[in-house]
Structure formats: C-alpha cells, structure tokens
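User: Can you walk me through reading a feature or two here, general idea and then the actual case?

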Amino acid sequence: MMNMILAALFGVLVLVIMFLVASLKIVRQGYEYTIEHFGRFTTVAQPGLNFYPAFFYQVGRRINMMEQVLDVPQQEIITKDNAMVAVDGVVFFQVLDAAKAAYEVSDLFVAIMQLATTNLRTVMGSMDLDELLSKRDEINARLLSVVDHATNPWGVKITRVEIKDIRPPVDIVNAMARQMKAEREKRANILEAEGARASEILRAEGQKQARILEAEGRRESAFRDSEARERAAEAEAKATQLVSEAIEQGSAQAINYFIAQKYVEAVGKFATSTNAKTILFPVEATQLIGTLGGIGALAKEALGDKAEAPARPPVPPRVAGPFDTGAA
C-alpha cells in the first residue's frame, strides 16, 4: 500500500514538473511571440523567460522584429513612351507591432512582395525612359511613400526601397550610345569653335592694340619732329636777327659769315654727290681761306674782343692753269 502511494506521488511530481517546464516560454532576442488563450490572442511575450500555464496558453506566432530584406524579382515594365524595360529591386522593412503583423495579414512576406511589385509597375509606368534612367532617387522616394503607407495597418515600417537595376532593350541601348556620342561630338565641335573664336578675337585685339601703339608712336614722332623744326626755325630766326643787327651796326663780317656758310654747304654737297667723279672749283682756293678768316673775325667780334683782327695772309701768286684764258 505504501509503495502505491509513493508511486502515485512520484507520478504527480513528474506531471507537475512537466507542466512547469511546458509553461515556461523562452523568447530569443529580436523576436516576439504572440500568446493565445484557447486560440484567442491575449498578449505578446517579450524576449527572455516567460511563464504561461500550459494547456491554457500557447504560442501563436513567432515574429521576427529585426529589419529584414525582401528581394523583388525582375519585372517587365512598359514606360510612358512605350519602352519595355526590365527592373528589379529590394525592400527593407521592420515589424513594429507583432500582433498586427501576425493577425492583420495572412502572409506578411507575400503581401509586401505583391504590394512592392504592383506599385513598382504603377510608379515607373507613369514615367518616360529618360526619367527612369536619370531619376532613381525620385522613384525610390515615391515607392517608399506608397508602400509604407499601405503597410502601416500591418504594423510594418518600410525603411527603404531601392531599384537595383534597370535594363532597357539592346536596340534602345545602342540608340542611346549613338545619341551620347553625337552629343559629345557636338559639344566638342562647339568648344573647338568657341576656342577658335576666342583666339581670333584675341589676335584681332592684339593687332588693334599694335596699330594703336604704332599710330601713337608716329604721332609722337611727328610731334617731336615738328618741335625740332620749330626750334631750328627759331634758332635760324635768332641768328638772322643777330646778323641783321650786326650789319646795321656796320659790321661787314656778318655778310662774310653767311657767304662762307652757304659756300661750305655747297662744297659739302659736291663732296657727297654720288655722280660726281671730278670736282671743279669755279673760284680760287685763296678766296675760301679769306672767307674763313672773315668767319673767325666775326666770332671774335661776337665774343667782345676789342683787339684788331689779324692781318689777312698774303695771297700767293696765281698759277695759270691749262684752261685759263688770260683774264685776271
């Protein structure tokens, strides 16, 4: 009898231990479990050790609360300008409310996939091909706004939507390559023409400045020449005035000065002439010596020398030349 009682107590103890073990719920970090009471949702078990009486409470759904990535498969989309492109992308999302994610939608992953696919077609189908290729950031922002708004009742937050690749048809790619090449050649020709134009302008400006400087130089030279002639004329007039005054005062040496000056100039022209081979003097050389003596006397008189002029050197006897006619 005693053994039967001990066996019964041992069996009860084992059942209690099994009940306690079945009632303990260990939730891993990054997950939340929904707890159901006879099939009805009651609460959410947080990460760690939780106790819920077995047979009365059970785990309904195990929800991943970490941010997750959903790969959107490649889609064939017709753009606004009737171009067929292949597009694929990724969706990043995170569950914020485990109860809504478990009971507001039947299959969360399938629902998000279908929602992202349909909105991808809607958004990108309303744009031209050029806009699809150049406005990825705008497409991502529009998709994020639409999908996040649709998944809000499910307790899901769409954190990011990214278009991975956009592949136009091969013929369109070739046409775009030719267009890009033509545009680059056009810009190169424009830049080359602008460079040539700038070079011509600079060259013309340089020539203009050179002509201006040359004209200014000629003007300055003409001004200097005119000033020099004016000063020479003033000097000549002054000399003429002085000679006239000397003649009025009865000095005959002034006349000799002018005659000697003109005579020297005439002889100098004979000497520098390119056609002259033989020089014939129409007067005797002694007359030139006398004239030069008159110039010296005039210079002494102008300097205020009161002494008498030196006696005129004797004239040497004249030697008859082969062309003389016998006249004195």
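User: Is Arg231 buried or exposed?

Analyst: Arg231 is exposed, with a relative accessible area of 54% (buried means under 20%, exposed over 50%, partly exposed in between, with a 1.4 Å probe and protein chains only). Keep in mind that this is a predicted model, where local features need pLDDT of at least 70, side-chain atom pairs count only at pLDDT 80 or more, and totals for chains, interfaces and linings use all residues. Residues are numbered from 1 along each chain as its sequence is written, and side-chain values use heavy atoms, with hydrogens and water left out.

User: Which residue does Arg231 form a salt bridge with?

Analyst: Side chains of opposite charge can pair when their charged atoms come close. Here the partner of Arg231 is Glu227, with the closest N and O atoms 2.9 Å apart (a salt bridge is a side-chain nitrogen of Lys or Arg within 4 Å of a carboxyl oxygen of Asp or Glu). Glu227 is partly exposed at 23% relative accessibility.

User: How are Arg231 and Glu227 placed in helix 6?

Analyst: They sit 4 residues apart in helix 6, so about one helical turn separates them (helices are DSSP runs of H or I, at least four residues, and strands are runs of E, at least two, numbered from the N terminus). Glu214 and Arg218 are also 4 residues apart in helix 6, and they form a salt bridge at 3.2 Å between the closest N and O atoms.

User: How many salt bridges does the structure hold?

Analyst: The structure holds 9 salt bridges, including Glu220 with Arg224, whose closest N and O atoms are 3.0 Å apart.
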